[in-house]
Amino acid sequence: MPDMSASLALTHLVPLAKEVDENKVTPGVLGFIVFAVMALAVWGLMKSMNRQLGRVDFTEETDPKAGPSDPKTATSEPEPAGSAGSGSGGKASPAKG
């Protein structure tokens, strides 16, 4: 009996398959489900990443046992941005003379 119901289902689906345009391809329900699952996965990963980044402490703590290796770093005043020192963070000024 299961063979008869399968053949009956096929005879009803064949006319529906003929109505579909063979040149038109659509993702259908399965494509939507896959896209929705991927979107939910990305949303969950971003939420988890934001939670993990919220736990990170970005302030650098200095080790009290280690003394300053460079006398310039021992001063409490930062270098001005326009100075030609190594910590200028930009372009080096050319040597004159």
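Trainee: What percentage of the 97 residues in the protein is buried?
Mentor: Buried residues make up 0% of the 97, where buried means under 20% relative accessible area, exposed over 50% and partly exposed in between, with a 1.4 Å probe and protein chains only. Bear in mind that this is a predicted model, where local features need pLDDT of at least 70, side-chain atom pairs count only at pLDDT 80 or more, and totals for chains, interfaces and linings use all residues. Residues are numbered from 1 along each chain as its sequence is written, and side-chain values use heavy atoms, with hydrogens and water left out.

Trainee: How many helices and strands are there in the protein?
Mentor: The protein has 3 helices and 0 strands, these being DSSP runs (helices H or I, at least four residues; strands E, at least two) numbered from the N terminus. Along the sequence the pattern reads α-α-α.

Trainee: And where is confidence highest and lowest?
Mentor: Helix 2 is highest, at a mean of 96, and helix 3 (residues 71-74) is lowest, at 54. That is pLDDT, the predictor's confidence in each residue, from 0 to 100. For the protein, the mean is 73, and 51% of residues reach 70 or more.

Trainee: Switching topic, where is valine 37?
Mentor: Valine 37 sits in helix 2, residues 28-55.

Trainee: Why does valine 37 count as exposed?
Mentor: Because its relative accessibility is 51%.
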